[in-house]
Amino acid sequence: MAEQMEYIVPPWEIEAYVQCLNISDLENVGTKSWLDFHKRLALLNQQSVLEITGLREESVMEWFISLKKIPILVYEAIQIDIWKHKVFPLLIDINGEPTNTFMLYSIFYHEVIVISLLENILFHCESAQTLDDMAIDLIDYTVLHVTALLDGNTLEIYERSEIRDANSCLGEIMEKQKTFEFDIGMRCISIIHYLIETLDSLPLCAVSRMLAVHDVPYLFTQLIENQPWKKQNEDGEMLTYEGSWRKIKASEIGKINKREGQVWFGLRELLLNPKCSPYYEITEHRLSQLSKLQRHLHEDVLDQIAPLIELKRWLSYLTMSSTMPSSRSTCPVHVEVIPQIKSSILEKYHKKWKKLARHQSKCLFTTDTNYIKDAAQILSDVYDLEKLDRIEAKKCSLCQEPSEKRCSRCKEVWYCSRECQVKDWENHKSTCNTITKINSDNADS
């Protein structure tokens with residue numbers, strides 16, 4: 001069954017999909033044309049994930065770079081972030097409890113899609129060159145969302161006590177949004193890391209934005225201290241986040257998580273790169289914070305990331321030195337670029353948010369059955385379970401290792417080897433028989 005679907009977007013259509021992408025208008029959010037735009041981005045994201053997990057040629061990435069469409073993704077992420085804080089609360093105040101979740105869900109999910117695409121594309125260093133000054137906007141956005149990870153709770157965008165029923169449509173949307181916010185924050189760690197690795201391709205103001213304005217080394221130090229990519233479940237088991245939470249196996253204890261590794265590499269580059277030092281004065285406060293990293297740079301970490309030995313030496317020198325290095329006198333003169341996207345959107349709709357919410361209510365809270373059916377039809381291709389199953393990483397039902405084989409009878413459970421399948425048969429047998437019988441009955445009917 002899996003072999004029948006080799007792609008989400010046919011190779012000959014990927015270029016056309018990317019070519020027709022243009023920045024959307026905030027006023028059109030929720031309309032059929034916007035949903036169609038959302039659908040195209042979602043399918044491109046699914047195709048990108050499929051190409052990466054299948055170790056195939058990354059056509060989606062190549063077309064986004066060659067057609068210079070990456071700035072559209074940055075704009076969309078910032079625009080939806082503004083929408084959920086400025087427009088969404090007003091929509092609820094005006095209309096009350098929504099009667100369905102899929103329309104509003106699609107808007108929140110839109111932000112996840114564009115950040116996922118950005119994470120995939122910015123992995124490649126040549127992509128940074130197409131950002132130009134928009135890199136400043138992206139730095140501001142990513143720092144904001146990574147900072148939210150340290151609060152323990154994702155940003156609350158609607159806080160009325162009377163809608164706290166988790167089973168209501170609104171309660172369901174808000175719970176899902178918390179999951180989205182966390183996932184976006186995690187992906188933003190990757191994006192900041194990729195931007196740090198390609199600083200030579202970014203405008204000089206990007207370096208000063210990270211260091212002088214946002215103090216990313218301090219932010220990353222807080223991430224190492226708080227480890228938001230790990231948590232304990234109710235049974236006291238340790239979980240790690242890799243797109244979703246999973247249990248840490250005994251053999252993985254002490255192993256560095258992907259995000260943690262990215263944070264360490266980012267810290268090393270920002271603190272040891274001579275091009276960065278003129279923009280980052282080591283003050284007494286910064287020294288006290290950076291010194292906290294030393295206790296985390298133990299043998300297990302250094303064995304896994306050997307280049308961190310240099311960072312440990314540098315930190316030791318800082319703490320032992322009686323005089324702190326100062327870069328104030330050597331800081332080069334440069335013109336600071338002001339981020340434009342967020343300010344331009346806020347300025348455009350200044351004192352017009354209620355009017356915008358009323359306008360969008362016509363689509364997002366419509367009772368027109370035909371409109372709802374048409375919207376659902378547009379989105380049906382995005383949330384096609386067969387396609388989602390195709391791009392989702394499969395794990396062995398027994399040992400949780402990556403798997404490529406599944407039970408030939410029920411076709412629902414995956415295994416990494418024949419050995420694991422045999423060992424798990426006693427547990428899986430009853431479920432397998434039930435699923436097989438249901439499938440057989442459905443086929444006969």
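**Entry 1. The three-stranded sheet.** I looked up the sheet and found three strands in an open arrangement, ordered β1-β2-β3, with antiparallel pairing. β1 (230-232) and β3 (245-247) are the edge strands, and each pairs on one side only. From one strand to the next the twist averages 35°. I note here that the model is a predicted one.

I then took the pairs in turn. β1 and strand β2 (residues 238-241) run antiparallel and are joined by three bridges. In this pair Gln232 stands opposite Met238 of β2. β2 and β3 also pair in the antiparallel sense, over three bridges. There I found Thr240 opposite Arg246 of β3.

Next I checked the turns. Which residue in the turn between β1 and β2 has a positive phi? I found Gly236, with a phi of about 80°. This hairpin leaves five residues between β1 and β2. The hairpin of β2 and β3 has three residues between the strands. In that turn Gly243 has a positive phi of about 90°.

**Entry 2. The chain overall.** I counted elements next. The chain has 19 helices and five strands. It holds 445 residues, of which 49% count as buried. I also looked at contacts with a separation of 6 or more. Residues 24 or more positions apart account for 76% of them.

**Entry 3. α4 against α6.** I picked helix α4 (residues 70-86) and helix α6 (residues 102-122). Their axes come within 9 Å and cross at roughly 145°. The crossing of α4 past α6 is left-handed. From α4, I listed Ile70, Leu73, Val74, Glu76, Ala77, Ile80, Asp81, Trp83 and Lys84 in the contact. From α6, the contact includes Leu104, Ile107, Phe108, His110 and Glu111. Further along α6, Val114, Ile115, Leu117, Leu118 and Ile121 take part as well. By class, I get 14 nonpolar, one polar and four charged residues in the contact of α4 with α6.

**Entry 4. α11 against α14.** I then turned to helix α11 (residues 258-272) and helix α14 (residues 308-320). At what angle do the axes of α11 and α14 cross? They cross at roughly 50° and come within 10 Å. That angle makes α11 oblique to α14. α11 passes α14 in a left-handed crossing. On the α11 side I noted Trp264, Leu267, Arg268, Leu271 and Leu272. They meet Leu308, Glu310, Leu311 and Trp314 of α14. I sorted the contact of α11 with α14 by class: seven residues are nonpolar, none polar and two charged.

**Entry 5. Leu364.** Last, I looked up a single residue. Leu364 lies in helix α16 (residues 353-364). Is Leu364 buried or exposed? Its relative accessible area is 5%, so Leu364 is buried, the cut-off being under 20%.

I asked which residues Leu364 contacts, leaving aside neighbours within four places in sequence. They are Gly30, Trp83, Leu91, Met103, Leu104 and Ile107. Trp83, Leu104 and Ile107 I had already listed in the contact of α4 with α6. For Met103 I also checked the distance to Leu364. The two are 261 residues apart in sequence, yet 6.1 Å apart in space, C-alpha to C-alpha.

Methods
Residues are numbered from 1 along each chain as its sequence is written. This is a predicted model: local features need pLDDT of at least 70, side-chain atom pairs count only at pLDDT 80 or more; totals for chains, interfaces and linings use all residues. Side-chain values use heavy atoms; hydrogens and water are left out. Axes are lines fitted to C-alpha atoms, for helices over the stretch in contact, and angles run from 0 to 180 degrees between N-to-C directions. Helices (H or I, at least four residues) and strands (E, at least two) are DSSP runs, numbered from the N terminus. Angles under 35 degrees count as roughly parallel, over 145 as roughly antiparallel, 65 to 115 as roughly perpendicular and the rest as oblique. A crossing is left-handed if the near helix is turned anticlockwise from the far one by less than a right angle, and right-handed if clockwise. Contact means heavy atoms within 4.5 Å. Ala, Val, Leu, Ile, Met, Phe, Trp, Tyr, Cys and Pro count as nonpolar, Asp, Glu, Lys and Arg as charged, and the others, Gly among them, as polar. Two strands pair if DSSP finds at least two bridges between them. Buried means under 20% relative accessible area, exposed over 50%, partly exposed in between (1.4 Å probe, protein chains only).
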